[in-house]
Amino acid sequence: GPLEAAVSAPVTDPARRVYIARVDRICGRIDPERNKEREDSNGALNDVARRYLVASVLSARELHEIEAIAPPRGDARALKTNVFDVIVRQLAIRKQIHLALLERDLTTVQARQSGLDDLTRLLAGFARGYGFTVCGTD
């Protein structure tokens with residue numbers, strides 16, 4: 001479905017501040033590892049495919065850890081729609097990219113990467129609007 005508008009209120013709610021700090025800590029721990037995995041590739045398609053798979057596993061673990069944190073009252077639906085559902089879509093596309101890399105289907109890789117980039121921009125926009133300072137910045 002369509003994405004909901006980003007929450008634009010300043011982060012004055014103490015419960016939201018605590019939630020943001022906890023979630024940003026998870027991103028601060030996992031994002032560098034995932035990014036390093038993507039950046040360290042030797043460029044060979046098999047290596048890129050393997051690293052895509054590892055990065056996807058790290059993203060899934062990050063999602064699982066974040067979902068385990070109770071969101072502030074009233075924020076659950078916006079977070080589900082604009083964060084969790086988007087990440088699930090990203091993970092599905094990453095799986096398609098991984099398989100296309102294994103098949104050396106670079107046309108599909110490029111098409112799926114474009115869709116992934118669009119989702120990443122949407123996620124980053126919501127994350128900034130919500131108040132995250134680490135999550136959604138890469």
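Analyst: Happy to! Let's begin with Arg 104, which follows α3 and has a positive phi, near 60 degrees. Keep in mind that this is a predicted model.

User: Where is Arg 104 placed, then?
Analyst: Arg 104 sits in the loop between α3 and α4. Its positive phi occurs in a residue other than glycine.

User: Which residue takes a positive phi just after α4?
Analyst: That one is Gly 131, with a phi of about 120 degrees.

User: Back to α3. How many residues does it have?
Analyst: Helix α3 has 27 residues, running over 76-102. From its first C-alpha to its last it reaches 37 Å, close to the 39 Å expected at 1.5 Å a residue.

User: And where is the kink in α3 centred?
Analyst: The kink is centred on Phe 84, and the angle is about 25 degrees.

User: I clicked on His 98. Is it buried or exposed?
Analyst: His 98 is buried, with a relative accessible area of 13%. This residue is in helix α3. Leaving aside residues up to four places away in sequence, His 98 touches Ala 49 and Leu 53.

User: Now α4. How far does that helix reach?
Analyst: From first C-alpha to last, α4 reaches 35 Å, close to the 36 Å expected at 1.5 Å a residue. The helix has 25 residues.

User: Which residues of α4 are buried?
Analyst: They are Val 109, Leu 116, Leu 119, Leu 123, Ala 124, Phe 126, Ala 127 and Tyr 130.

User: What covers those buried residues of α4?
Analyst: The cover includes α1, α2 and α3.

User: Changing topic: how many disulfides does a search of the whole structure find?
Analyst: The search finds one disulfide. It joins Cys 27 to Cys 135, with the sulfur atoms 1.9 Å apart.

User: What parts does that pair tie together?
Analyst: Cys 27 lies in helix α1 (residues 14-39) and Cys 135 in the segment after α4 (106-130), so the link ties together parts that are 108 residues apart in sequence.

User: Are those cysteines buried or exposed?
Analyst: Cys 27 counts as buried, because its relative accessibility is 3%. Cys 135 counts as buried too, at 7% relative accessibility. The cut-off for buried is under 20%.

User: Why is the disulfide of Cys 27 and Cys 135 called right-handed?
Analyst: That comes from the torsion about the S-S bond, which is about 100 degrees, so the disulfide is right-handed.

User: What about charged pairs? How many salt bridges does the structure hold?
Analyst: The structure holds 13 salt bridges. In general, side chains of opposite charge can pair when their charged atoms come close. One of the salt bridges here is between Asp 31 and Arg 34, whose closest N and O atoms are 3.0 Å apart.

User: How are Asp 31 and Arg 34 separated along helix α1?
Analyst: They are three residues apart, so about one helical turn separates them.

User: Are Asp 31 and Arg 34 buried or exposed?
Analyst: Asp 31 counts as buried at 6% relative accessibility, and Arg 34 counts as buried at 6%.

User: Which residue forms a salt bridge with Glu 33?
Analyst: Arg 61 does, with the closest N and O atoms 3.7 Å apart. Glu 33 lies in helix α1 and Arg 61 in helix α2 (residues 45-67), so the pair ties together parts that are 28 residues apart in sequence. Glu 33 is partly exposed at 41% relative accessible area, and Arg 61 is partly exposed at 38%.

User: Which residues are linked with them in a network?
Analyst: The salt-bridge network links Arg 29, Glu 33, Arg 61 and Glu 65.

User: And what meets the side chain of Lys 36?
Analyst: The side chain of Asp 40 does, in a salt bridge of 2.3 Å from N to O. Asp 40 counts as partly exposed, at 37% relative accessibility.

User: Last one: what is the mean pLDDT of the chain?
Analyst: The mean is 89, and 92% of the residues reach 70 or more. Over residues 1-8, though, pLDDT stays under 50. For that stretch, the model has 18 contacts beyond four places in sequence.

Definitions and conventions:
Residues numbered from 1 in each chain as written. Predicted model: local features only at pLDDT ≥ 70, side-chain atom pairs only at ≥ 80, totals over all residues. Heavy atoms only, no water. Helix = DSSP H or I, 4+ residues; strand = E, 2+ residues; numbered from the N terminus. Expected span 1.5 Å × (residues − 1). Bend = angle between axes of the 7 residues up to and from the residue. Disulfide = S-S within 2.5 Å. Buried < 20%, exposed > 50% of the residue type's maximum accessible area, 1.4 Å probe, protein only. pLDDT = per-residue confidence, 0-100. Contact = heavy atoms within 4.5 Å. Salt bridge = Lys/Arg side-chain N within 4 Å of Asp/Glu carboxyl O.
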